[in-house]
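Here are some notes on the structure, for reading alongside the sequence. Please go through them point by point.

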Amino acid sequence: MRTFRILFFKELKGYFLTPFGWLIMAFAAMMQGLSLSTTLKEYSESAMPENLVFATFQSPIFWFYYLFLFPVLTMRLFSEENRSGTLEGLLTAPVKTWQVVLSKYFAAYLTFILLWIPALIHFRLFTMLNDIPPPFNNGELYGALTIVILMGSLFTAMGCLASCMTSSQIIAGIVCVGILFVHFLLGLIPYFFGDQIAAAPLFHFISSQEHLRSFSRGLVDTRPFVYYLTASGFFIFLTYHLLDYRRWKP
Amino acid sequence: MIEVANLSKNYGRHTAVDGISFEVSKGEIVGFLGPNGAGKTTTLRMLTGFLPPTSGAARIAGHDIFRESLDVRRHIGYMPENVPLYTDMRVREYLRFRGSLRGLKASQLRKRLGKTLDICGLTHVRRKMIKTLSKGYRQRVGLADALIHEPDLLILDEPTNGLDPNQIRAIRSLIQNLGENHTILLSTHILSEVEMTCNKVVIIDEGKVKAADTPQNLVNSMRRAGRISVELQGPREEIETKLSAVDDVTKVACQPIQDGWSRYTVFVAPNTDTRLRISAIAHNMQWPLRSLARRSGTLEEVFVELTRRD
């Protein structure tokens with residue numbers, strides 16, 4: 001546990017004692033603010049049937065920046081160590097491979113979670129600065145943040161796997177975007193093909209867009225919890241074995 | 001300290017290390033020599049647990065390198081080839097990280113940190129970012145990293161690679177000092193370094209051990225070692241016949257220099273000394289003699305002899 005903690009804080013320092021983490025944070029805050037303000041503009045122009053949180057997280061800009069965060073956060077985690085050779089020093093110290101994998105994963109994931117503080121502040125500010133009743137309630141706000149963070153657990157794990165595959169950060173980033181994009185498109189399949197196809201329930205089950213829609217209406221479902229947590233576990237497992245591969249390959 | 005038995009490593013169809021065996025006992029400084037691509041780095045990586053062996057076994061401090069990898073890693077300080085470091089950390093921060101990773105507690109760590117910085121001559125750059133350091137200093141940081149937890153065994157992969165002569169000297173004397181209370185296995189292809197620092201040499205080539213002995217024994221057992229160089233003044237042909245007639249001499253070669261002086265290279269059977277007899281002949285014949293020396297072989301010759309491919 002001590003080793004894990006040392007590695008975890010080292011990774012976390014890599015994000016926050018360099019401009020890197022703060023740049024991503026600034027980018028996220030800006031994009032969150034942009035999607036909120038464009039949504040507010042729509043509200044001022046016409047009557048909206050949905051709550052503000054729902055409309056903000058449904059704005060097209062959301063998926064654009066949301067999916068962009070993961071490759072940026074995770075691409076250098078393993079690939080940089082691989083490229084510079086520091087992996088050799090790390091794995092010849094008395095540390096277990098799972099400690100390395102989990103420390104990197106959780107550091108990236110914690111950083112990702114912290115990126116949603118600006119979004120929370122934006123919505124809180126909205127209620128603090130207005131005397132009108134907010135066009136959303138707490139259930140909707142926290143539901144949306146819950147699913148965003150929950151989806152993040154899987155997407156961060158996918159990013160870790162992509163980073164572990166190669167020693168080039170750029171390729172790791174591109175592979176990560178590729179995996180995320182495929183996952184995103186799989187969720188859109190019921191949209192295009194309708195519910196008649198036999199596998200439609202499966203695609204509904206993994207559709208991040210649908211999860212986001214229901215959670216930001218305040219409908220918290222436990223099935224996505226199971227899905228995202230097991231799937232992240234699976235991707236971390238793959239990452240672990242990919243990193244450990246050199247130990248048992250012939 | 002290290003027992004290696006029939007260790008092999010294949011990369012696909014290519015055999016990098018082919019059944020090598022050697023032993024290193026406690027307190028020795030062992031030079032691990034071989035031409036490029038001989039399998040040095042692969043062997044060291046297997047010993048440190050970074051790569052698994054394809055077959056064979058090795059034990060370090062009594063622990064199996066594959067099954068008890070963590071115990072093995074606790075006993076070694078490893079400096080990989082090209083010294084990879086986290087370049088965006090500061091020297092002290094990096095060493096603190098590596099020390100605590102090796103299980104040093106805060107108070108021990110503080111003590112060891114000061115001592116290690118001192119030993120490696122890093123005290124005045126301890127606050128600097130590693131990326132601003134020159135290659136020589138990075139090499140020292142790598143060495144400090146390997147030393148910080150006071151390991152029983154130091155494994156250094158080309159510790160003086162790419163340094164200038166002064167830095168090589170500094171690292172070499174550092175290694176010599178460390179050798180007093182550590183076992184050291186260092187790979188290199190700089191032979192003078194090995195002659196000066198190591199008390200045992202393992203030469204490998206194409207994945208096989210070619211020789212394992214002290215540098216002195218290796219040089220002595222070399223067939224080229226028996227060669228005497230004489231500088232004489234006198235009639236060339238007479239000298240050649242006289243010298244050839246001496247017992248144990250196999251061949252005489254002449255190379256004229258200036259002012260009537262010539263250098264004769266006398267090849268003799270190994271482990272014999274003909275110098276006294278040669279000087280007696282020169283004295284009797286009244287040939288002026290200004291130099292008479294046995295050329296002792298060098299480790300370089302041993303190395304070339306064992307690893308050349310013709």
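1. Contacts along the sequence. In this predicted model, take the contacts in chain B between residues at least 6 apart in sequence: 67% of them join residues at least 24 apart.

2. Overall form. Chain B has eleven helices and 14 strands. With a radius of gyration of 25 Å, well over the 19 Å that the globule rule gives for 310 residues, chain B is more spread out than a compact globule. Along the principal axes, its C-alpha atoms fill a box of roughly 80 × 45 × 30 Å. Of the 310 residues in chain B, 38% are buried.

3. A four-stranded sheet. Four strands of chain B form an open sheet in the order β2-β1-β4-β5, with antiparallel pairing. β2 (14-24) and β5 (63-64) of chain B stand at the edges; each has a single partner strand, so one side of each is left without a neighbour in the sheet.

4. Inside that sheet. Strand β1 (residues 2-11) of chain B pairs with β2(B) in the antiparallel sense, over seven bridges. Asn10(B), for example, has Thr15(B) in β2(B) as its bridge partner. Helix α1 (residues 40-47) of chain B lies across β1, β2 and β4 (55-60) of chain B, and runs at about 115 degrees to β1(B).

5. The side facing the other chain. How many residues of chain B are in contact with chain A? There are 22, and they meet 18 residues of chain A. α2 (69-75) and α3 (91-101) of chain B each supply at least two residues of this side. α3(B) gives the most, with four residues. By class, the side of chain B that touches chain A has eleven nonpolar, six polar and five charged residues.

Methods: Residues are numbered from 1 along each chain as its sequence is written. Chains are lettered from A and ligands numbered from 1 in the order in which they are written. This is a predicted model: local features need pLDDT of at least 70, side-chain atom pairs count only at pLDDT 80 or more; totals for chains, interfaces and linings use all residues. The radius of gyration is taken over C-alpha atoms; the globule rule is 2.2 Å times the number of residues to the power 0.38. A residue is buried if 20 or more other C-beta atoms lie within 10 Å of its own, exposed if 12 or fewer, and partly exposed in between; C-beta atoms are placed from the backbone. Two residues are in contact if their C-beta atoms, placed from the backbone, lie within 7 Å. Ala, Val, Leu, Ile, Met, Phe, Trp, Tyr, Cys and Pro count as nonpolar, Asp, Glu, Lys and Arg as charged, and the others, Gly among them, as polar. Two strands pair if DSSP finds at least two bridges between them. Axes are lines fitted to C-alpha atoms, for helices over the stretch in contact, and angles run from 0 to 180 degrees between N-to-C directions.
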